[in-house]
Amino acid sequence: MAFGERLGHGVRGAAIGVAEAVPGISGGTIALVTGVYERVIASAGHVVSAIRFAASDLPRGRGGIRARQQLRQVHWEVVVPLLIGMLPGLLIAAKTLEPLLTDYPEQTRGLFLGLVLASVLVPVSMVGAPWRRKEIAALVLAAVGAFALTGLPQATLDPHPLVVLVAAAIAVCALVMPGVSGSFLLLTVGLYEPTITALNDRDFGYLAIFATGMVIGLSLFVKLLQWLLEQHRRMTLAVMSGALLGSLRALWPWQSDERTLHAPGDNILPITALFLVGIAVVTAMVVAERRRLRRAAQDLTEEAYETPQRH
């Protein structure tokens, strides 16, 4: 893989990290828009299988053959740059976006609303045409469920280690599920601010517990999601499309602290402008990704044509 493509994956990882720090936006959404989602899910599934095989085979003296076979199927050329990019993206977002969300909540949500609304077209187009009735029904049900979830009033939980562990296990599932924001789930249960504070203050005790919960959540959820994408791809993408649509409720600019929605009011012109900027950014990302895929397909075709000629 060329250096430029690795750098591109690093930038994608940074964008995913930024998204994970923003309540209302899923890192899975950014992964989907930038074209790395299915490779990431497949890779995570192989890593989980490798760990499971190693844990069962090594103590019995069976060696690590099955674990190594799983690890060889991981898209390391994609996963490693993504992970390298995610950490600085998350740290920068934790420092810079928190005051923006506090001081300019309407404008910030307007920008994110445009980003996520344009992102809906990605899974919708991946389903393809024509849509069947059951897929439309799945989209509607997922949208209603996400709309209801994002309307729940904010609660406050004591950041007890066990609570943090469970919350992290649930929130990380949102990392790999487009339309469901892990940060928003943490905000709903009152653990968003403690987590951001721990990240900014380098509270490694809290972060270690949170990371353990993430590992548990991923190991339980990612294999299911991998299976769904392999066996029921259209239906899974339809549900993702509905979840994205329903999650737009969390990003409506004019809402109260209790998440009651209001009609458009103050700052409508700058909010509309930022909304359009968000749509433009995602549209540009989608167009760039599709051009990259077309170029890659053309290169493969030319290589396949030239190989017989050389022989």
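Colleague: Which residue lies over the face of Phe147?
Modeller: First, this is a predicted model, where local features need pLDDT of at least 70, side-chain atom pairs count only at pLDDT 80 or more, and totals for chains, interfaces and linings use all residues. Residues are numbered from 1 along each chain as its sequence is written, and side-chain values use heavy atoms, leaving out hydrogens and water. A charge sits over a ring if NZ of Lys or CZ of Arg is within 6 Å of the ring centre and within 35 degrees of the ring normal. At 5.1 Å from the ring centre of Phe147, the residue is Arg249.

Colleague: And which residue has Arg52 over its face?
Modeller: Here Arg52 lies 4.9 Å from the ring centre. The ring belongs to Phe53.

Colleague: How many aromatic pairs are there?
Modeller: Rings of Phe, Tyr and Trp (its six-membered ring) pair if their centres lie within 6.5 Å; planes under 30 degrees apart are stacked, over 60 edge-to-face, and the rest tilted. By that rule the count is two.

Colleague: What is the angle between the planes of Tyr206 and Phe210?
Modeller: They sit four residues apart in helix H12 (residues 204-231), so about one helical turn separates them. The pair is stacked, 6.5 Å centre to centre, and the angle is 15 degrees.

Conventions
Helices (H or I, at least four residues) and strands (E, at least two) are DSSP runs, numbered from the N terminus.
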